[in-house]
Amino acid sequence: MTAVLNPTDADVVIRLRGIRNQFGRHVVHDGLDLDVYRGEILGVVGGSGTGKSVLLRSIAGLQIPAEGQIEVLGTNVRTASEEARIALEQRWGVMFQDGALFSSLNVRENVEVPMRAVKGLDPALRRALADLKISLSGLPYLAGDKYPAELSGGMRKRAGLARALALDPEIVFLDEPTAGLDPIGAADFDNLIRQLSETMGLTVFLVTHDLDTLHAICDRIAVLAERKVLVTGTMQDMLKVDHPWIHEYFHGPRARAAIGSNSESKKA
Amino acid sequence: MTETQIVLETDSAGAKLTLRGAVSILNVTELHQKLRQSLASAEVTLDLSGVTRIDTAAAWAIAEVEKSAEAMQRPLHMTGATPHAMSLLATVRKALPKPDLDQAAPLTWAGRITAFGQAVAAGFAFVADLIAYFGLFLVRLVQSLRHPRDFRLTALVHHCQEVGVKAVPIVALMSFLIGIVLAFQGSTQLRQFGAEVFVVDLIAVSILRELGILLTAIIVAGRTASAFTAAIGSMKMREEIDAMRTLGIDPAAALFVPRILALFLMLPILGLLANLSGLIGGALMSWIDLGISPMMFKTRLIEGTDISHLMVGMIKAPAFALIIGVVGCHAGMQVGNNAESLGQKTSAAVVTAIFAVIVADAVFSIFFAKVGL
């Protein structure tokens, strides 16, 4: 019943098999399977409480599933040795919903935190690289000296992205990257993600509710429902699925607006 | 995977830098250094044909040196770059941050004096602010007494338990130990004059007049002022206080009045318990060390110690309670919206509360000495 795109040539960077997550007697995921391919932007959607963030946290190793296999870049996250895990963590970056910046450090120092793990990196170079990442994330140069409390929500997200990209990871996890942004800021952020994923060859795993984001930048969409990934595929595939929730989601008035406006702009 | 190599060859014609393998943040320091070195030559060639992976850090080093080469009018040729590397370089070039223009002004004497003056002014403003909070507390207290239905009795009882009942064990134990110390130290000194029996007066006067209530206030300041600041501060941090305001709930009435009032009611009781357990500790040690029986201790206590000593001690308790409560609540409201300020304000609240309690105690001492109590 899954409409997988099946790009056989692309290699799998994240492989989930039979994931089971539960909190007490409340089962969030049961027998969840998902593949993420190198270089793609995968959007994960699902109703509130279907465990989108829990899934992201499981892959990033912040939540240990009760059962199942999680393989990221060929390393099994659950059974990996301490060194393998640390090496793996340098190959991915996570942007949390509100940036999760360290409030006692300014933006530049926040971006420098992951770089401190690199041995022999000159402090002056580190500073310059942090400034570059801040600038790449679309923040003004002087934002580096600001503290997270002095930034707006959108700027905090960009700073969080800059920190996630500090070590040029292969995979970035984004938790609701455009939530709480105004439409212009959200569109800018979408473009930024697309552009960075193209130039840096990033694989992006993003959890979102934003239909515009899904339509504008996601190569593939995975729908979480009934405790598993119910279906994956492109936006066009989603429109054909006749599961009631998915139909409602992709055929609701908001979805029609997002899809309609985007196809119009593509024609123009 | 090919091993990463950064090879710099220089001859009379110019420098040639050959990169191989994965150039990334792991070897950017070396790359940047060699690129800088190559700028000493008349002409620089950068061969990227052997590069398997390039990240933004390496691209930054190249773009940055490119810019200096341009400024020095040194030709820099790049060969063998993949389209991916070129697009990454283009993105990085565009994002290259502009240099910082405004430098921090050097510290002058005038600046230092200004900063000192500002600090002094801030100190006065802080005291004025505390007095304003005390006034606010009084106003809200009177208002809530006028409208008893709005009074938060449940909150008051809860805070009485938190600041009062739960502090009893630590306060009693501390005071008991202080009594023992006083008896022990007093007896060794007084024995030299054969005046052992006066140890009872020593213990009674020092505990009832000063130590019982002062040490209780210090413990409560550490326990409760920090708890008030942390509770109110974290509510402030998560905008709960703003939410209360928009719902028409006054934060002072809802948060300050029950807390400060609870402290006001509980601290005298805690002080009394501290006095009692201090005397018990003293009596026990006098009995063991000096053979003064508990009955004799009691007789001597009643004969030799005037009730005014107890009064002088107890009268200070409500004042200390108000100081601790106001300082704790005020510090809580000063918390900004980051986690660090919560910690800062909490420790500042404890230090301020203890300091203010000791200052107040000194003022009371002078006052009682003047009126002859």
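This is a predicted model: local features need pLDDT of at least 70, side-chain atom pairs count only at pLDDT 80 or more; totals for chains, interfaces and linings use all residues.
I'll start with one residue in chain B.

Gln73(B) sits in the loop between α2 and β4 (76-79) of chain B. What is the phi of Gln73(B), which is not a glycine? It is positive, about 60°. For background, most residues other than glycine have a negative phi.

Glu226(A) is not a glycine, and its phi is positive at about 50°. Glu226(A) is in the loop between β9 (220-225) and β10 (228-233) of chain A. Glu226(A) is exposed, with 12 other C-beta atoms within 10 Å.

Now a residue in another setting. Tyr249(A) belongs to helix α9, residues 244-251 of chain A. Is Tyr249(A) buried or exposed? Tyr249(A) is buried, because 21 other C-beta atoms lie within 10 Å and the cut-off for buried is 20 or more. If we set aside neighbours within four places in sequence, Tyr249(A) contacts Val45(A) and Ala255(A). Gly46(A) is 203 residues away from Tyr249(A) in sequence, yet the two are 8.9 Å apart in space, C-alpha to C-alpha.

Staying with chain A, let me go to a sheet. Four strands form an open sheet in the order β2-β1-β4-β5, and the pairing is antiparallel. Which strands stand at the edges? They are β2 (26-37) and β5 (75-76) of chain A; each has a single partner strand, so one side of each has no neighbour in the sheet. Inside that order, β1 (residues 12-23) and β4 (residues 67-72) of chain A pair in the antiparallel sense over five bridges. Arg15(A) stands opposite Glu71(A) in β4(A). As a general point, strands of a sheet pair through backbone hydrogen bonds. Helix α1 (residues 52-59) of chain A lies across β1, β2 and β4 of chain A, and runs at about 120° to β1(A).

Back to chain B. Its secondary structure comes to 12 helices and four strands. Of the 373 residues in chain B, 35% are buried. Among contacts in chain B with a separation of 6 or more, 85% are between residues 24 or more positions apart.

One helix pair in chain B is worth a slide. The axes of α1 (residues 28-38) and α2 (residues 56-72) of chain B come within 9 Å and cross at roughly 15°. That angle makes α1(B) roughly parallel to α2(B), and the crossing is right-handed. Which residues meet there? From α1(B) we have Val28(B), Leu31(B), His32(B), Leu35(B) and Arg36(B); from α2(B), Ala57(B), Ala58(B), Ala61(B), Ile62(B) and Val65(B). By class, this contact of α1(B) with α2(B) has eight nonpolar, one polar and one charged residues.

Last, the contact between the chains. Chain A gives 22 residues to it and chain B gives 24. On the side of chain A that touches chain B, the elements giving two or more residues are α4 (123-136) and α6 (183-200) of chain A. The largest share of that side, seven residues, comes from α4(A). By class, the side of chain A that touches chain B has 13 nonpolar, six polar and three charged residues.

That is the end of my slides.

Technical notes. Residues are numbered from 1 along each chain as its sequence is written. Chains are lettered from A and ligands numbered from 1 in the order in which they are written. Axes are lines fitted to C-alpha atoms, for helices over the stretch in contact, and angles run from 0 to 180 degrees between N-to-C directions. Angles under 35 degrees count as roughly parallel, over 145 as roughly antiparallel, 65 to 115 as roughly perpendicular and the rest as oblique. A crossing is left-handed if the near helix is turned anticlockwise from the far one by less than a right angle, and right-handed if clockwise. Two residues are in contact if their C-beta atoms, placed from the backbone, lie within 7 Å. Ala, Val, Leu, Ile, Met, Phe, Trp, Tyr, Cys and Pro count as nonpolar, Asp, Glu, Lys and Arg as charged, and the others, Gly among them, as polar. Two strands pair if DSSP finds at least two bridges between them.
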